[in-house]
Structure formats: C-alpha cells, structure tokens
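Please keep the sequence and the structure in view while reading.

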Amino acid sequence: GEFLWQTSVVGEAIGTPVISSSGQFIFLSHNSDHTKGTVTAFDAFANGTIVTQYSTAGPKPPTANAPYGPLTIQGSNGYDDVYFMESWYEGLHNNGWLHKATISPNTKPFFQFMYRLDFSSILKPVLGEGRRRLWLTGRKGTVVGWNEGDSFRKKPSWSTEMEWSFRNVSLPITAPPIPSLDGKILLLPSATNSFFGIDSVTGDAIWKDSTGDSPYISPPQISKDGRYVYTIQSRDGTVTAHDIKTGRRQWQFSCTELTLDIQCQDTVEADFAVSPYGDLLYYVDIFGTVTALYVDDPKPTPSPTVSAMPSGNPTEL
C-alpha cells in the first residue's frame, strides 16, 4: 500500500494499461473529445516520467489525429510489441489504421503505421503465440486474420463477416475474440446474439450457437484444460459453457435458477474471471452482486442448440 508516484494525462482512458515484459514501460491509450487519440508511454523506473506520446492518424485520409482503441502487448525479456487500432465513430467507420509500438531494452519505444483496414475497431487486437499471428474485429461483424509468416503490413490472410444486425448492418462486434489453447479455433460473438467457433487460419465457421436475445460485451474465457469456453450474455447475465471443438452447450446458469423468476435481469457489463485452478468463475452484475460458480466437471445440458454454419442472412438485434 505504499505510494510511489502519480502522473496525469488528458482525456478518457481506453481499455487497460499494458506493461512491458521488463516492467519498465507502461502504455496507456486515451482519447480527448472522441477524436484525438494518444498513446502515452510512462517509465515506471523513473517515477512515472512520460517517455513519449504518440498521437498520429494513418496517412490516408490525411488528418492530424485519430481516436484509438485499447492496447494489446506481447513479448519477453524486454522485447515487446504493442498493437492498437483507430476507433473512428465508435467502430462504425469504414476506415482505420493498425498501429504498432516496438520496445527494446534501453531504447525509447518506436511507433509506426502497419496497415489500413476498411473498418475501425473499438476492441484490442488479439495476438497469437509468439506474435506470429494477429486477429482484428470491426464493423459489420467483420473478422480478419494474419497467419504465421504473413506480414502485418500487408493485406490480411483472410477476412470474413459474421452475422450482422438487420437494424444496423454497420454494428461492430463488441467482445474481442480469444484463440483456443492450441490456437486452432478462434472463439467470438457476432454483431448479433450468436457465438461462434471459427477456423483461426481460414476464418471458416466450425460451429455456431444462437444462445438467446442478449448480446455479448464481456470477453469469453477458456477453461484451464482448454476444453470449454465460457460466455456471459450482457443483458440477462446468462453464463454458458461450450465445448470448444463442437460448440455443444455443456451447461447454462442464469439468475432464474436463484430467484425462480423467469423475467429476472442480472445485467453484466464487466469482464469476468476464472480462478487460477480453473474450478471457479466469478462475475459481477450492474447492481454490484458478485456471483461465484463452481465450473469443474461441467454436466451437458439436455438440449444444446448448435448449428454447423453461420447464417448468411442478417439477424435482427
């Protein structure tokens, strides 16, 4: 509890600060007036001194500033990469650059443009193991991926559109994807109320589950043994465990089981967590109620609702 240092920046913090593998640098994405984005690097070894600030949009269209989305970082032994996207119009715009900061020991972080996409994003990029793969999501339920060996400065290896909303086809995906532990399956929601498992190398759908009438906001979590993916539907707080390979619903839990009220609404907007041993799941609803679930040895539900492929038609949200 000992106070060390404090530093202020302008604007609203976007996402969670990320820390370099050496522990020296802390990076924060923050936006002013929803138009001017800045990524600030602090030196934790020098009482939070600001090392550098980056506030530049991609060269096309020519503009001085752009709003930024959350950051993602990966690396080791002081060599790290930080990636982030431009987030024009809350992810509804048809233009956005991927940016990168490179970190090396005893050097100032170096920022650069990577690639221009035909969407912006409000979610952090997702890196595969070893920084050799990268996935992004955006408007119209779009997902793109770069495979191992492909340059992140060039066109993505593949691109696909998941289900999009009938009411607004530009709606973006609102929860970031997560790769399975073996890296073969990418797990993510669409822009509607469906959840998918797709091939992480081709973008082809492996399974789809239309789980109800509530969208996803919280990122999914994977069980410690890599067999199941846990999701929470934000509107009613329903927790579902899916078999990662098949999409089969192993079990579901909602506030109905606690209150016997079929109209209960335990809305969940925050991230949730799985314990280090993988046997407990914790989530908090908007009323401040903390719920703990024992998730070890899940029992299958009697009637899973899984289809093999995503629908090619718009879905009303």
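## Basis of the model

In which strand is T291 found? Before the answer, a note on the source: this is a predicted model, in which local features need pLDDT of at least 70 and side-chain atom pairs count only at pLDDT 80 or more, whereas totals for chains, interfaces and linings use all residues. Residues are numbered from 1 along each chain as its sequence is written, and side-chain values use heavy atoms, with hydrogens and water left out.

T291 lies in strand β23, which covers residues 290–294; strands here are DSSP runs of E with at least two residues, numbered from the N terminus. T291 counts as buried because its relative accessibility is 13%, buried meaning under 20% relative accessible area with a 1.4 Å probe and protein chains only.

Leaving aside residues up to four places away in sequence, T291 touches F253, L281, Y282 and Y283, where contact means heavy atoms within 4.5 Å. L281 is 10 residues from T291 in sequence, and their C-alpha atoms are 8.1 Å apart.

## The sheet

Strand β23 belongs to an open sheet of 3 strands, ordered β21-β22-β23 with antiparallel pairing; two strands pair if DSSP finds at least two bridges between them. β21 (273–274) and β23 are the edge strands, each pairing on one side only. β21 pairs with β22 (residues 280–284) in the antiparallel sense over 2 bridges, and A273 has Y282 of β22 as its bridge partner.

## S190 in a loop

S190 sits in the loop between β14 (185–189) and β15 (194–199), and with 2% relative accessibility S190 counts as buried. Beyond residues up to four places away in sequence, S190 touches M162, E163, I173 and F196.

Key. Helices (H or I, at least four residues) and strands (E, at least two) are DSSP runs, numbered from the N terminus. Buried means under 20% relative accessible area, exposed over 50%, partly exposed in between (1.4 Å probe, protein chains only).
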